Amino acid sequence: MKPWLKILIGLVLGVVTGLILNRQVEFLSLVGKAFIDLLKMLVGLIVFSSLVTGMCHINDPKKLGRIGARTLIFYGVTTLIAIGFGLVMVYAIQPGKNLNLTLADGMGSGGNLSLIDFIFSIVPSNPFASFAEGNVLQIIVFAIFFAFAITLAKEKAKPILHFIESISEVMANLTHVVMRFAPYGVFALMATAVGAVGSKIILPLFWAVVCIFCACVLHVVIVFAGSLKGLAKVDIAPFFKGMKDAIIVAFTTSSSSATLPVSLECARDHLGLSPDISGFVLSLGSTINMNGTAIGQAVLSIFIAQAYGIEITPISILILIFTTLISAVGTAGIPGSGLVMLSIVLNAMGLPLEGIGIVAAIDRFRDMFGTVVNILGDAVAAVYVAKKEGQIDEKKYHTVTWIS
């Protein structure tokens, strides 16, 4: 049986088990957490080795700059469009309009968080501490500087580069080992998520989920499909066929970082992208490209404002767009981190942080939809950049099948 089919079966059985057990899923939650931890175990070294080898194999500095610029511009533009889709849907449906919530005495929005401090915090003072703490943004910064240093050292740095290439290969094999546990981890994660929410979903929260889902679908259909056809000049269907394994893992784990190993495998083996391009673009995108997260934060911010009856001015919308863009870039690719970053957006807009407690019940669903959009955005960017650089095997791309 194909691995993706086993994972899909685990997903369905997890949903059924969660409905049957309701909230009695403590043990399964531990199993799901263990699987997430196994995936997170891979991330630091995979990101570092993929970025360093990818950048060092692009020997031409002008080419590296060109690839980096294309990648960053694509990520920035698509994230802004994602925020727009989220705003359109939440204003069209207005899920929190009739909640009429009030703040308790002495409660309000929390203290202001410094975005400037947050931005500068990505500079690592101790790269070993960054690896130990799983700070992927700092690992990326260190990897970029490290790769430039290897390039400048030329011949003398070749032993170091060969060692890092070996690490990359070892991590790829370790990924295959860990993914053997995927069906069981997916089963536990889905049972836990469904058991925690149950069937008593409050209608306004349901409509908030609908807003996020519709915005995600619009983004995939219009932006991603349009980019594949219009910018990369490739067929759309083979892309989704090739990314099916990553889509399932992203949906069930709700973790862009945890899905990275599978996304890399799909990009190389199914879509025919070169290891250099896929390693660079996908590793960078797993942390700084969060289209789905941006949609969720935009929808939930306006939802909280509607729930408390707080008027949103045009200036507030501009603040929302800016802070959502920045916080989406800085969101760790792990489940639940979106709520932490949502506090930055709420603070900047002057909205009550107590709203986070309201939307926490649907955060898992936001994570599921958002993570799929996140990883698809990374892969679309990789296809686009690879096509522009002539580093895609179009025969392999166009012959991928659903059962591959």
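Good morning. I begin with two helices, α9 (203–230) and α18 (residues 363–389), whose axes come within 10 Å and cross at roughly 10°. The axes are lines fitted to C-alpha atoms, for helices over the stretch in contact, with angles running from 0 to 180 degrees between N-to-C directions. That makes α9 roughly parallel to α18, a term for angles under 35 degrees. The model is predicted: local features need pLDDT of at least 70, side-chain atom pairs count only at pLDDT 80 or more, and totals for chains, interfaces and linings use all residues. Residues are numbered from 1 along each chain as its sequence is written, and side-chain values use heavy atoms, leaving out hydrogens and water.

Which residues meet? In α9 they include F213, V220 and F224, and in α18 they include F369, V373 and V380; contact means heavy atoms within 4.5 Å. The residues of this contact divide into 13 nonpolar, four polar and one charged.

I turn now to helix α11 (residues 244–253). Eight of its 10 residues are buried, so α11 is largely enclosed by the rest of the structure. Buried means under 20% relative accessible area, with a 1.4 Å probe and protein chains only. Among the buried residues are I248, V249 and A250. S254 follows α11 and has a positive phi, near 55°.

Most residues other than glycine have a negative phi. K154, in the loop between α6 and α7, has a positive phi of about 55°. K233, in the loop between α9 and α10, has a positive phi of about 60°. K154 counts as exposed (over 50%), at 63% relative accessibility, and K233 counts as exposed at 57%.

How values were computed
Helix = DSSP H or I, 4+ residues; strand = E, 2+ residues; numbered from the N terminus. Parallel < 35°, antiparallel > 145°, perpendicular 65-115°, else oblique. Nonpolar A, V, L, I, M, F, W, Y, C, P; charged D, E, K, R; others polar.
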